[in-house]
Amino acid sequence: MGRGRLILAALFGVYVAAMLLLPTAEGWAGDEPAYLGLARNITHGHYRDGSPGGALNMCFPGWQTPDLWYGPGFPAFLAPLVALDLPVSIIRLAGPVLLLVSVALFYRLLLLTVSRRDAFLGALGLGLFVPFYRYLPFLHSEFLALVLVVAAMLAITRLVRSGSRLAGGAAVAALAGLALTRVAYGW
């Protein structure tokens, strides 16, 4: 195993440790029940439960119109995990995995313009950005959004450099996924 892979494995260990050991701030779990409820709805063939106790009404009582805060991107990402009936503690590993994927993609992006050493340091800087860690104990869409932003940047860079249709399609897919995950970005 190469040194870079060992460091990535160590980063994943740091993320899981942060997920398990960091104190959970009051209110930080607020989005998790809604995301899990919406993912459960997707596994049953619909997105929004219109009942008064539905996932969105639970967070925003009295709202009878679809809410654009919770886009379908993250619940759709979670839906296969929810369909497998995995415990929430296992589903929460999505955060560390997605953060690790974003670091790896960022490394690939940086390799297009800087040396291996500088790309490694830049990716490590992203991976050790401490403010991300407070989101790890619960399910939040930020990590999927980060993966999609970095994937879009990588694909757009490759598109501009090569004109590749595959890179263009990847950029469109990443930006569409971002607009579905963080709906405000689609506005």
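Q: Helices (H or I, at least four residues) and strands (E, at least two) are DSSP runs numbered from the N terminus; in which helix is the place of A76?
A: This is a predicted model, in which local features need pLDDT of at least 70 and side-chain atom pairs count only at pLDDT 80 or more, while totals for chains, interfaces and linings use all residues. Residues are numbered from 1 along each chain as its sequence is written, and side-chain values use heavy atoms, with hydrogens and water left out. On this basis, the place of A76 is in helix α4.

Q: Which accessibility class does A76 fall into?
A: Relative accessible area (1.4 Å probe, protein chains only) sets the class: buried under 20%, exposed over 50%, and partly exposed in between. The relative accessibility of A76 is 41%. A76 therefore counts as partly exposed.

Q: How far apart are the C-alpha atoms of A76 and L180?
A: Along the chain, A76 and L180 are 104 residues apart.

Q: What pattern of secondary structure does the protein chain follow along the sequence?
A: The protein chain has 10 helices and 0 strands. Read along the sequence, its pattern is α-α-α-α-α-α-α-α-α-α.

Q: What percentage of the contacts in the protein chain with a separation of 6 or more comes from residues 24 or more positions apart?
A: A contact here means heavy atoms within 4.5 Å. The protein chain has 187 residues, of which 37% are buried. Among contacts with a separation of 6 or more, the share from residues 24 or more positions apart is 70%.

Q: How are α6 and α7 oriented relative to each other, roughly parallel or roughly antiparallel?
A: Axes are lines fitted to C-alpha atoms, for helices over the stretch in contact, and angles run from 0 to 180 degrees between N-to-C directions; under 35 degrees counts as roughly parallel, over 145 as roughly antiparallel, 65 to 115 as roughly perpendicular and the rest as oblique. The axes of α6 (residues 94-111) and α7 (residues 116-127) come within 8 Å and cross at roughly 150 degrees. This angle makes α6 and α7 roughly antiparallel.

Q: How many nonpolar residues does the contact of α6 with α7 have?
A: On the α6 side, S102, V103, F106, Y107, L110 and L111 take part, and they meet R116, A119, F120, G122, A123, L126 and G127 in α7. Ala, Val, Leu, Ile, Met, Phe, Trp, Tyr, Cys and Pro count as nonpolar, Asp, Glu, Lys and Arg as charged, and the others, Gly among them, as polar. The contact has 3 polar residues and 1 charged residue, and its nonpolar residues number 9.

Q: How many polar residues are found in the contact of α1 with α7?
A: The axes of α1 (residues 3-21) and α7 come within 11 Å and cross at roughly 10 degrees, and the two helices are therefore roughly parallel. I7, L11 and Y15 of α1 make the contact with F120, L124 and G127 of α7. By class, these residues include 5 nonpolar and no charged, and the number of polar residues is 1.

Q: Is T181 buried or exposed?
A: T181 is placed in helix α9 (residues 165-181). Beyond residues up to four places away in sequence, T181 touches G71, G73, F74, S141, L144, A145 and L148. Because its relative accessible area is 2%, T181 is buried.

Q: Which residues is M153 in contact with, leaving aside its neighbours within four places in sequence?
A: M153 lies in helix α8 (residues 142-162) and is partly exposed, with a relative accessible area of 36%. M153 and L109 are 44 residues apart in sequence and 7.5 Å apart in space, C-alpha to C-alpha. With those neighbours left aside, M153 is in contact with F106 and L109.
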